[in-house]
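Biologist: Please show me the sequence and the model, and let us then discuss some computed features.

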Amino acid sequence: MQIARSNALLRALFTCAEILREYGTPPPPNGTAPPPLNDHIARDIGLSAGEVARLKHQWPSQSAQHPYL
């Protein structure tokens, strides 16, 4: 550990590795999202047309596509 403390580059790399280890989360596994809500399922559940529209609405901050970036 003496080399890591004396060398600034190694110290920075160790710090970055610790940060990534603490805050790095594995990506979610595929196939864990609920199935899309279609009209037939919504009717069976008893949702109104307004409730279905509210559930299908997606705010711009919820998508990964941002047109002004």
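Biologist: Which residue meets the side chain of Lys56 in a salt bridge?

Modeller: This is a predicted model, and the structure holds one salt bridge. In that pair the N to O distance is 3.9 Å, which falls within the 4 Å cut-off. The partner of Lys56 is Asp39.

Biologist: How many residues apart in sequence are the parts that this pair ties together?

Modeller: Lys56 belongs to helix H4, residues 49–56, while Asp39 belongs to helix H3, residues 39–45. The pair therefore ties together parts whose separation in sequence is 17 residues.

Biologist: Is Lys56 buried, partly exposed or exposed?

Modeller: The relative accessibility of Lys56 is 49%. Buried requires under 20% and exposed over 50%. Lys56 therefore counts as partly exposed.

Biologist: What share of the accessible surface belongs to carbon and sulfur atoms?

Modeller: Of the 69 residues in the protein, 4% are buried. The accessible surface comes to about 6,800 Å². The share belonging to carbon and sulfur atoms is 62%.

Notes
Residues numbered from 1 in each chain as written. Predicted model: local features only at pLDDT ≥ 70, side-chain atom pairs only at ≥ 80, totals over all residues. Heavy atoms only, no water. Helix = DSSP H or I, 4+ residues; strand = E, 2+ residues; numbered from the N terminus. Buried < 20%, exposed > 50% of the residue type's maximum accessible area, 1.4 Å probe, protein only. Areas by Shrake-Rupley, 256 points an atom, 1.4 Å probe, with all protein chains shown as cover.
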